[in-house]
Amino acid sequence: MSDRLYAATRKGFFTLHRGPSGWNVAKVDFLGQNTNMTLQDPRDGMVYVALDHGHFGTKLHRSSDDGQTWEECAVPQFPPFTEEDQRKQAEAGEFGARRDFSSLKEIWELTPGGADEPGVLWAGTIPGGLFKSTDRGSSWELIRSLWDREERWQWFGGGKDHPGIHSVAVNPRNSRHVTIGISCGGAWATEDGGDTWECRAQGMRAEYMPPDRTGDPNVQDPHRLVQCRANPDALWTQHHNGIFRSTDAGRKWREIENAKPSGFGFAVVVHPHDPETAWFAPAVKDECRVPVDAKMVVTRTRDGGETFEPLTKGLPQSLCYDIVFRHALDIDNTGEQLAMGSSTGSLWTSDNGGESWNCISTHLPPIYATRFGR
Amino acid sequence: MPRVLFTPNLQRHVDCPEVSVEGDTVRLSLDAVFANRPQLRGYVIDEHDRLRKHMVVFVNGQPVKDRTGLSDAVAPDAEIFVMQALSGG
């Protein structure tokens, strides 16, 4: 089991250690600063933290000594907004209007490359760019093959002003096969290391669109997309309009309609060894983003979405208004340990697959991402 | 030589002491600062060499007019002050 847990929050970066008596906050870095994404690379132990300084822009820091010292590294950079871009933006109409696609707003996702690609990192960003680093974040390259797709002009923001890439899943058996999730731009995959891309969101449903476009793959709003390590064809998506599952690497998606108390939410994790088992943190619905009946619930399926169990032991069952953001639910390599952070600063862990939860704190800053260390 | 000063709010993120530099425009003056402190650039200037959206530069107490080209003239005895705008961020 992992004995390191990281929480990227609105007001600092928290490192937790697991000792004989459970998890404790060991230290806080970047106190007072907005940290919104983190990753410990399982291949070399490097810890990355993305910061959003607001006025001063988005930055990325890394540590090779478990947070004792930090070094600022490079951030993704967007190409100039050309006259051709302006023409295409105007043609795209409302979706493309009024948006500045030429500067980095947020590093929304950090994912290590495959085991055979030391130093490779993927970054999903707002506005809607996918970037690759081959040198542990010292430099970044925009994946132009995706950025230059005409379909990009139809992407739009879901909750954010710009579209954004929040999920990057690298096939553990084939590092050239990468699947991404975009709010709102559907799911896309490459099987040739990023040379070509295919939109893979067939079967998803977007209720917020005009009726004749609800099935359009390119306008879907997956909130989070995850891949089972033991069976990379098995994908789960917590979508704006419910839960969707694919068993063929995203070529077709099936809506899972029986999740109680709700199918709405942001976060999903899948068991690393069992593609049938996944966890969700539901809320009422898109226009009422609070737990159902003010009770904190994690839902788990162990049969591929046929049935769901509500897991509540150790979670508040009254007056609870915590929301779990899309990167704030994580699972460790064993599939037994889960960590869940909330919009109102609660942090819970479970070491038995969610059967019961331990509360670490109810008053941390808003938690954007939790990630287990190696 | 113009003097360049940075808001203390920036100092907590990246080292940026007051410095006197050669330069007869805002652009040339700031470039002279960044030549010795390359990491500082990204906190003030975006990836297309424009002033960041929520940053502002004053020359002798007046905000610069050219936020993209930073071509505003700077006299040898000028004081250039770099701070965050009160909007955004």
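**Close-up views: cysteines and salt bridges**

**View 1. Cys199(A) is partly exposed, with a relative accessible area of 23%.** Here buried means under 20% relative accessible area, exposed over 50%, and partly exposed in between (1.4 Å probe, protein chains only). The structure holds 0 disulfides over all chains, a disulfide being a pair of cysteine sulfur atoms within 2.5 Å. For Cys199(A), the nearest cysteine sulfur belongs to Cys184(A), 12 Å away. Cys359(A) is in no disulfide either, with the sulfur of Cys320(A) as its nearest at 10 Å.

This is a predicted model, in which local features need pLDDT of at least 70 and side-chain atom pairs count only at pLDDT 80 or more, while totals for chains, interfaces and linings use all residues. Residues are numbered from 1 along each chain as its sequence is written, chains are lettered from A and ligands numbered from 1 in the order in which they are written, and side-chain values use heavy atoms, leaving out hydrogens and water.

**View 2. Asp66(A) and Arg4(A) pair through their side chains in a salt bridge, 3.0 Å from N to O.** A salt bridge is a side-chain nitrogen of Lys or Arg within 4 Å of a carboxyl oxygen of Asp or Glu. Asp66(A) is partly exposed at 27%.

**View 3. Arg87(A) and Glu91(A) form a salt bridge, with their closest N and O atoms 2.6 Å apart.** Arg87(A) is partly exposed at 38% relative accessibility, whereas Glu91(A), at 59%, counts as exposed.

**View 4. Arg251(A) meets Glu191(A) in a salt bridge of 2.9 Å, N to O.** Each is partly exposed: Arg251(A) with a relative accessible area of 41%, and Glu191(A) at 41% relative accessibility. Through shared partners, salt bridges join Glu191(A), Glu198(A), Arg200(A) and Arg251(A) into one network.
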